[in-house]
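Have a look at the model first, then read on.

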Protein chains: 2
Amino acid sequence: MWMSKKNCACNMNSVGHGITGSASVYMRRETEFTKKVKVILVDDNYDHLMGIRELINLETNFDVIATATNVNLAINLIKRYQPDIVLMDINMPEKDGLTAISEIEKLETGAKVIALTGYDDSDLIFRAMKIGAKGYILKTMASAQLIYAIEEVMQGKIYLPSGLSSRFFEYFQKTFKEENKTANASETLLQYLTQREEEVLELLTLGYNYKEVANKLFISDTTVKTHVNNIFQKLQVSDRTQAVLYAINNGFMNRKKLKIAI
Amino acid sequence: MWMSKKNCACNMNSVGHGITGSASVYMRRETEFTKKVKVILVDDNYDHLMGIRELINLETNFDVIATATNVNLAINLIKRYQPDIVLMDINMPEKDGLTAISEIEKLETGAKVIALTGYDDSDLIFRAMKIGAKGYILKTMASAQLIYAIEEVMQGKIYLPSGLSSRFFEYFQKTFKEENKTANASETLLQYLTQREEEVLELLTLGYNYKEVANKLFISDTTVKTHVNNIFQKLQVSDRTQAVLYAINNGFMNRKKLKIAI
DNA sequence: ATTTTTATTAATCTAAAGGTTTATTTATAA
DNA sequence: TTATAAATAAACCTTTAGATTAATAAAAAT
């Protein structure tokens, strides 16, 4: 099952360390009637914009169909020309780049956004990926990497260079560390709730009042009150809102999902 | 499968697309008095356990100091021997592997856990990384990859093979997609709240009742009620709990934080 | 300069929520 | 068999929450 080693050589490098495994750059098919990849560039620096355009247009299968120096223009261009790729500089002043990516994603034109920036800040990378960026590259990186990134993203992959990927994961795990402490903590008072009390709390967490809960569970509303009072005591809270807040802060709904899933 | 591409050598593979860029396998220093990396294996299948042990012990700088066929034993061994690496099979029956990883993380011994499993399920990968796994590899992968993963993780990196990394990001973005729609949406009804109403809602979201809110804002509780009723109308909800739920689901508190931060 | 609108304040009244006790039924453990 | 825990429900009572109306001051529009 585990192949012995020593046969690695080329193996080793290809084996892993990556988001994208296949080196598609070698597979480029320029022969077939492949439509050119439509690219739109967004950068507030005009010179920079032209520089990148030159670079990308060197590639015969890419076509920079438009450029924009501000976000609103970019949005309009994307709506009109339906590009495959949007290279988005996220250091732009007026409207910040992350918001821009969000708005482009909301258009749902299928345009794949690659963030292009000077900052390798963990939080920035994390937020960019969160809102749907398909890639994130630094301006300091080699031009070949930019081309490679576009090709990878065009294949439906996510492109994060090695170093940034590490940063992403560090930040990712840091972000979830606290959540795990509480959500996973066996010391949650939620564990003492009975099945029925959980059902009641779940409905409260969805915003129902006692009468509605009673109707949904086919029991009297006085019974609901009894359950709720027991919930208050067990969770050590004094009203419905606090109970709901406790439930949310202690991953009650996540836990519910897991119960169904597993 | 992803070691193909003939010419791989270093080129493309080194360009990035990865969590770990440097091919540390070529840099292994066995000359200096490097202490051996202490590894503990956890797998409910004894034969499998022995197989992996053999494999890892072939590496002169690794040392499998203990093995365990169940989680509780593993936890004790980790506490006692403080290993550098824990290779954790997450298909174990009694206590599931993810819970096990959580518990090991909670020990905070500094042991780096690598998940080892037969399933390349997106959700499983995501959850494993969330709770702090430093790597995730499939049993079907080449043995060399296992060794490589350990070396990378020992350098403080996160190791996710190419294919799994893609799955991870797909799942990651899918998970945050809904959150973005609401949290980023400028169409939130929260925007219509006045300053005072925001203050009231913020306190409600912290679990205070009307009297407490009144005291905190130095106004009468009947005034609080007025504000709250206006909030209800603006948010189109019918009680306090629903208002708080609306606030939370629409990133009210996040927005508050941003206001301070930015 | 004046109306108009908006934000903040507040009192009154009704409905709902919350606290306490008691009681019945059913399943489960000792 | 007898405790024990869970789910159900009612009666009683107190407090809080929610709806309605209205006064005041400041800002905006005419």
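**Notes on the model**

1. In chain A, take the contacts (heavy atoms within 4.5 Å) between residues at least 6 apart in sequence: 66% of them join residues at least 24 apart.

2. A word on ground rules. This is a predicted model, where local features need pLDDT of at least 70, side-chain atom pairs count only at pLDDT 80 or more, and totals for chains, interfaces and linings use all residues. Residues are numbered from 1 along each chain as its sequence is written, chains are lettered from A and ligands numbered from 1 in the order in which they are written, and side-chain values use heavy atoms, with hydrogens and water left out.

3. Chain A has twelve helices and five strands, counted as DSSP runs from the N terminus (helices are H or I, at least four residues; strands are E, at least two).

4. Two of those strands, E1 (residues 37–42) and E2 (residues 62–68) of chain A, pair in the parallel sense over six bridges; pairing takes at least two DSSP bridges. Between E1(A) and E2(A) the chain passes through helix H2 (residues 46–57) of chain A, a right-handed β-α-β crossover (clockwise from the first strand over the helix to the second, with the strands pointing away from the viewer). A:Val37 sits opposite A:Phe62 in E2(A).

5. Of the 262 residues in chain A, 50% are buried (under 20% relative accessible area, with exposed over 50% and partly exposed in between; 1.4 Å probe, protein chains only).

6. Over in chain B, B:Met50 is part of helix H2 (residues 46–57). B:Met50 counts as buried because its relative accessibility is 17%. Its C-alpha atom is 8.5 Å from that of B:Thr67, 17 residues apart along the chain.
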